[in-house]
Amino acid sequence: MFVPFTHGQVRFVQFNLSVIRYYNCTVERFRIFTFLRMMEEVDNIIIHSLRQIGCDIGENITNLSGFNTNTELVVEATVKCLDIIKPGLGLSTVLPVNMAARFRLGATLAQACSELGYKGDIGYQTFLYSSEGDLRKVFMFLIEKLPKESDKPLSEPVSNVALLEKSIATAIAQSLAAPWLPHYCHTKGFRNRGRARIPYKFVNLEIPKMESKEEYQDYCIHYMQSVPEQVQNEPSFLPSLISYNARALHSHSMSILDQINWLNKQYCDKMTEANMPGDVNVLNRDSTKNTTLPSTQPQIKDNGTRETKIVDQKILDKMEKQDLQIEKIKVECDSLRNDMEKLQDVIKNLTTSVTQVTTNYQNEEKELTINEEQKKIKARIYDLFQDGEENIKKLEAAIETTTSKLINLGNQWEKHRVPLIQKYRQEREKHSTKASASQKKLDDIKLLKEKERELQEECRNKDQQYSQLVIEVQKLPKEVNRSAYTQRILEIINNIRKQRDEINKVLVDTREIQKEINTLTGRLERSFTVADELIFRDARTNEASRKAYKLLATLHSDCSELVNLVEETGATIREIRDLEEQIDSEATKNVGANLERITADLKQMKQETAELTAQLQNKTS
Amino acid sequence: METAQTLYLNLFGEDKIHVLKELLHACVDEICGRPGPTYHKFVNSMDWSKEEYEETYKLISTLLRHPASLYLTEEKMPQEYHELPEQIQQNILSCLKVRREQLTDALLMECSKEKHETVIDFDWRLKLVMGSSKLASLREPLLQLDLILENKNSKRILDFELNKDELDTFINIMEGIVLECKQNN
């Protein structure tokens with residue numbers, strides 16, 4: 001009875017185990033598969049962006065595991081990333097030879113990363129003794145932090161011209177910051193930069209020429225100062241040389257004689273100017289000189305011959321005559337001048353009187369014309385006075401006729417006026433209606449124009465947007481293979497979908513198995529209780545059934561033990577798998593290789609310290 | 001006074017002619033703006049008192065400064081010249097002959113400075129105006145030109161700013177003046 005039962009139980013246990021194993025295997029395989037695919041993608045993206053930054057990554061490196069053994073590459077890539085994210089760190093991309101410097105570099109890199117907001121565990125070991133997973137995390141973080149294409153041009157100067165302009169702008173800003181001062185207030189300031197420090201003071205240098213004249217040669221040999229002597233102070237030496245050269249190149253525009261003439265003229269002018277205030281005195285002095293000279297000269301030359309005396313006498317006579325003439329002429333001149341003045345006065349008086357007379361004349365003529373008009377009117381009145389009454393009558397009649405005429409004309413005017421006024425009113429009304437219509441139309445036109453303007457503006461804006469967008473499109477890099485990316489993304493999505501389906505299938509399977517297990521355990525329980533009861537009832541009477549009951553009890557306990565064992569084995573298998581996983585993850589961190597490197601570095605460091613201590617000892621000794 | 005000065009000049013005998021020549025040239029040097037004669041330089045060779053030296057020096061320099069003496073002819077020489085002994089006259093004349101051009105240049109410069117302000121030096125700086133109170137961005141080069149002028153007894157800087165057109169007109173006018181001077185000759 002219980003053989004099939006036990007058999008069934010064993011089968012069930014076997015089945016259970018196989019299902020669990022199957023399930024575990026599929027999940028594990030699936031997990032590993034997806035993990036590998038994902039990592040590959042991530043690595044591809046990381047390496048691609050690193051290459052874009054300008055890292056020199058070899059073609060043979062396709063994933064980050066290639067970085068593991070290459071510390072230089074890791075450091076270079078991180079430094080370049082950091083440089084772009086936060087320019088001005090000033091780290092070198094080359095790994096230093098010295099071990100201490102290496103550690104320092106690693107520590108600074110780690111610090112920079114954590115300053116940027118990296119939350120994971122990071123230290124110098126991340127860069128120097130790298131594990132694939134850590135590196136991946138760090139690079140993913142850094143590449144996410146890289147500035148996007150759109151804000152790149154803002155941070156980077158475009159060309160040399162822009163750089164130059166920038167430097168000019170800074171220089172000008174500096175100069176603008178300096179307060180304004182007139183140029184003579186400061187000789188050193190920024191604004192005064194460019195002013196010649198040494199004034200251009202020159203001396204006309206003289207350098208001996210090839211000339212055969214004896215006097216010149218004598219001068220050159222004996223008296224000419226040497227060039228350093230000619231120049232009094234050193235700063236004026238160069239200017240003197242320059243002006244000497246310029247003089248040699250550009251000859252004088254005037255001849256020397258002209259120059260001398262001009263100089264003499266200036267001199268004479270100056271002398272006369274100096275003597276100007278005493279002009280009359282000079283004349284007098286001349287005359288006195290003329291008179292005194294002859295008197296003194298004879299005294300001096302008294303010892304001379306008589307002939308000269310006679311000649312002198314003659315000259316004296318002549319002089320006296322001339323003096324007399326001059327006096328006469330002077331007197332005449334004075335009298336003439338007086339006459340002139342008198343005559344001029346007379347002329348002035350006469351002209352004033354003429355103007356007076358002309359004004360009088362004009363006034364009187366005006367009066368005359370007025371009087372003549374009055375005279376005409378008066379003559380008419382006297383004519384009419386001769387037969388007054390008749391004339392009055394005539395006048396009254398004439399007045400009457402004129403009044404009647406006026407009334408007639410008034411009536412006629414009224415007749416004409418009324419229809420005209422009516423017409424005028426009608427026309428005015430018509431006009432006003434027309435005007436209002438035209439006003440309306442004008443308003444319409446204005447509205448339309450405004451609309452047009454708005455539309456034009458809109459159009460212009462759109463055009464601008466369009467052109468901007470076109471420029472942006474042109475700016476965008478055309479090499480990005482967007483389609484490849486999308487395809488990959490689609491593939492990944494498809495994969496994920498497939499995997500989800502598989503997972504779902506496995507889940508359904510497990511659920512079914514669970515259900516089966518439950519029903520089986522239920523049936524087992526029930527059948528056990530039935531069997532138990534049956535055998536227990538028989539056991540009181542039958543010895544064999546008592547034995548059977550005992551056996552059943554032992555069988556039941558054994559089986560439950562077996563089930564427990566199976567469950568335990570499952571748990572241990574799971575544990576084993578977990579441990580294997582852990583081993584794998586540890587293996588990926590390639591601790592062994594890192595350890596080797598660390599020991600090598602330690603050795604190097606020890607060596608370096610030993611060298612340094614040796615140097616120190618040498619120095620102290 | 002004049003007679004006294006001539007007397008001092010008479011101190012130059014036949015054997016002292018080279019000292020006279022040296023003094024003459026030194027005086028010309030001074031007029032030309034170089035280091036001139038000093039009493040210390042001539043005291044050993046001439047054996048005279050300071051007063052005598054001063055008077056002689058004054059006479060010679062007034063003679064040399066007189067523009068009429070540049071004609072190098074006996075008739076046009078100033079009056080003081082004729083009162084000197086013939087030998088000294090000869091020496092003065094020969095000195096003038098040698099140094100005529102330099103003296104003329106120096107006297108011209110002096111005369112010009114006396115009459116008007118004369119440009120003796122210039123300096124310039126180029127500035128780029130980046131903006132003004134009215135225009136935010138404007139790139140106009142401006143030349144700041146300093147003309148250093150000297151008068152009889154003062155010296156000043158005449159400075160002005162010129163833009164490109166103004167500088168062109170300024171240069172054209174200057175060139176026109178030079179051309180006119182050349183044509184007049």
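**Exercise 1. List the buried residues of helix 2 of chain B, and find what they pack against.**

Solution. In helix 2 of chain B, the buried residues are Leu20(B), Leu23(B), Leu24(B), Ala26(B), Cys27(B), Val28(B) and Asp29(B). A residue is buried if 20 or more other C-beta atoms lie within 10 Å of its own, exposed if 12 or fewer, and partly exposed in between, with C-beta atoms placed from the backbone. Helices (H or I, at least four residues) and strands (E, at least two) are DSSP runs, numbered from the N terminus. This is a predicted model, in which local features need pLDDT of at least 70 and side-chain atom pairs count only at pLDDT 80 or more, while totals for chains, interfaces and linings use all residues. Residues are numbered from 1 along each chain as its sequence is written, and chains are lettered from A and ligands numbered from 1 in the order in which they are written.

The next step is to look for partners: the buried residues of helix 2 of chain B pack against helix 3 (39-46), helix 4 (50-65) and helix 6 of chain B. As for its length, helix 2 of chain B has 15 residues and reaches 21 Å from its first C-alpha to its last, close to the 21 Å expected at 1.5 Å a residue, where the expected span is 1.5 Å times one less than the number of residues. After this helix comes Gly33(B), with a positive phi near 90°.

**Exercise 2. Describe chain B as a whole, and then the side of chain B that touches chain A.**

Solution. Chain B holds seven helices and three strands, and from the N terminus on its elements run α-α-α-α-α-α-β-β-β-α. Of its 185 residues, 19% are buried.

Turning to the contact between the chains, 31 residues come from chain B and 29 residues from chain A, two residues being in contact if their C-beta atoms, placed from the backbone, lie within 7 Å. On the side of chain B that touches chain A, at least two residues each are supplied by helix 2 (17-31), helix 6 (86-115), strand 1 (118-129), strand 3 (155-162) and helix 7 (164-184) of chain B. Helix 6 of chain B gives the largest share of that side, ten residues.

**Exercise 3. Does helix 16 of chain A lie largely buried or in the open, and what follows it?**

Solution. Begin with its extent: helix 16 (residues 543-588) of chain A has 46 residues and reaches 67 Å from its first C-alpha to its last, close to the 68 Å expected at 1.5 Å a residue. Of these 46 residues the number buried is one, so helix 16 of chain A lies largely in the open.

The helix is followed by Asn590(A), whose phi is positive, near 25°, and which lies in the loop between helix 16 and helix 17 (591-620) of chain A. Asn590(A) counts as partly exposed because it has 18 C-beta neighbours inside 10 Å. Although Asn590(A) and Tyr129(A) are 461 residues apart in sequence, they are 9.2 Å apart in space, C-alpha to C-alpha.

**Exercise 4. Find where confidence in chain A is lowest and where it is highest.**

Solution. The pLDDT is the predictor's confidence in each residue, from 0 to 100; its mean in chain A is 80, and 82% of the residues of chain A reach 70 or more. Confidence in chain A is lowest in helix 12 (residues 279-300), at a mean of 42, and highest in helix 14 (residues 388-475), at 93. Over residues 1-10 of chain A the pLDDT is below 50, and this stretch has seven contacts in the model beyond near neighbours in sequence.
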